[in-house]
Amino acid sequence: MPIRGSIDRIDEQFLEGWAVDDDHPTAKLAFDVLVNDRVIGRFIADSFRQDLKDADIGGGECAFSFAMPPFFGKQDLANLRLRFADSNLFIVLPTPRPAEAAVAPTTSRFGGLWLDRADWMDRLSAKHRAGKLSDAMAVRLFQFARDGYTVFEKAVGTRLIERLKGELDQFWLNPPEGLLIETFEPDGAMRYLPPDARWRHGRTKLLDIFAHSELARQVAAAPPVVEFLSTLFEDAPKAFQSLNFHNGTEAPMHKDTAYVKVDGNPLALAASWTALEDVEAGTGELEYFIGSHRAPDFLFGGISKWMENHAEDNPAFLESLHRDAETYGHNRGKFLARRGDVLVWHADLAHGDAPVTRVDRSRQSLVTHFCPSGLEPFYRRTSQHATLTEHGCSFVSQYSPVGGNGRIG
Ligand SMILES: O=C(O)CCC(=O)C(=O)O
Ligand SMILES: [Fe+2]
């Protein structure tokens, strides 16, 4: 066999190795890289490597180093294929290391939790029979698997919530160092800024207050929520992104998996919506399509669960959720919460804000995104701030160390 080669590195960042046709060592070999049967790139094995020259392989000029696209997740490796350019001759790759869940038969081809597997009912039943789940927890998990969300009434005490709101008022007046808001005020352009009280009542969120507030960590890690997430994840939860809203922001129906990226298993994600006050209809209350977490994957760029490499597909994605709702009969639900109620939603539940018709009324809430503590949000590839574990939950932030600086109040 005159063609020889080696794959020396294959991971979410690089595909590297060498290849040579010994009968024609100057005619360089070209390859196509495919994900989900779509060509995402090509390369020619013609780079110089001294060790290859020393070994008298192709004159040393037959190496390659292919950089994966940005926002290429570990989960995408499971669907990676390599072939000789423009042929149907595929190269057998060293077994990519997909997350276990990514190869299991889950609703989404990109992974999931045990409750997303085709055999979830058998697993739920077995856990229940083994005494690992109470009756109440088994029913809750069943509802979550069916509907894509579950509600915990009065999960957070009134006193704790009022203390947190007092602290938020302080944060707006005298922000701790490193605290940021994301705002679309005043002109619709998105900006990250230190809190500026002028924008509090607009299309604005406070980011990751748990990094600065022990009270926020207590609220996010309310015991019934931590218990549920630990059961769902089969691991302690890790809070890795939170948003505080003062008002509804009229966010369109979306699925968090497109934007909130968990590396290796994009479906190993859940979020909580904690009402910091009673929520009235018309204030931009949280809405969702019941059961939408079980609809087929939307493929960004034809290959990805994540939007970021394929932003041009975002309008079609948002539109597809309304079409799916019609096709599969997902009814619209609303969370008209009382203060202290918490709704936990599935990674792939379509949700958004109802229109704001009562501009005089606030709708204060804390939204927290969680993954299993054994996994990392994608941003940890580039942001490594200190983390903290408290109340059975670990906390990591993209923007600042958790618990490390600038507490006030
Ligand atoms: O506006 C809301 O409360 C929803 C926020 C949201 O969708 C999210 O943070 O994932
Ligand atoms: Fe969301």
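Here is a walk through this predicted model, from the whole fold down to a few single residues.

Let's start with the overall picture. The protein has 409 residues, and its secondary structure comes to eight helices and 21 strands. How does the radius of gyration sit with a compact globule? For 409 residues such a globule would come out near 22 Å, and the protein has 24 Å, which agrees.

Buried residues make up 53% of the chain. If you look at contacts with a separation of 6 or more, 73% of them are between residues 24 or more positions apart.

Next, zoom in on helix 8, which runs over residues 314-328. At 1.5 Å a residue, its 15 residues should span 21 Å, and since its end C-alpha atoms are 21 Å apart, the two agree. Which of its residues are buried? They are Asn314, Phe317, Leu318, Ser320, Leu321, Asp324 and Ala325. Just past the end of helix 8 comes glycine 329, with a positive phi of about 70°.

Take phenylalanine 72, in the loop between strand 6 (61-67) and strand 7 (80-84). Its relative accessibility is 4%, so it counts as buried, the cut-off being under 20%. Leaving out neighbours within four places in sequence, phenylalanine 72 is in contact with Glu12, Val35, Ile40, Leu77, Leu80, Trp306, Phe378 and Arg381. For a sense of distance, phenylalanine 72 and lysine 127 are 55 residues apart in sequence, and their C-alpha atoms are 35 Å apart in space.

Glutamine 364 is another loop residue to look at, sitting between strand 18 (351-353) and strand 19 (365-372). Is glutamine 364 buried or exposed? With a relative accessible area of 11%, it is buried. Not counting residues up to four places away in sequence, the residues that glutamine 364 touches are Lys165, Arg200, Phe245, His246, Thr274, Ala275, Leu276 and Glu277.

Finally, some backbone details. The peptide bond from glutamate 185 to proline 186 is cis, with omega near 0°; proline 186 lies in the loop between strand 10 (180-183) and strand 11 (191-193). Then there are positive phi values in residues other than glycine. Aspartate 56 has phi near 65° and is found in the loop between helix 1 (50-54) and strand 6. Its relative accessibility of 65% is over the 50% cut-off, so aspartate 56 counts as exposed. Histidine 391 has a positive phi of about 55°, and its place is the loop between strand 20 (388-390) and strand 21 (393-395). With a relative accessible area of 36%, histidine 391 is partly exposed.

Note on methods: Residues numbered from 1 in each chain as written. Chains lettered and ligands numbered in written order. Predicted model: local features only at pLDDT ≥ 70, side-chain atom pairs only at ≥ 80, totals over all residues. Heavy atoms only, no water. Helix = DSSP H or I, 4+ residues; strand = E, 2+ residues; numbered from the N terminus. Expected span 1.5 Å × (residues − 1). Buried < 20%, exposed > 50% of the residue type's maximum accessible area, 1.4 Å probe, protein only. Rg over C-alpha atoms; globule rule 2.2 N^0.38 Å. Contact = heavy atoms within 4.5 Å.
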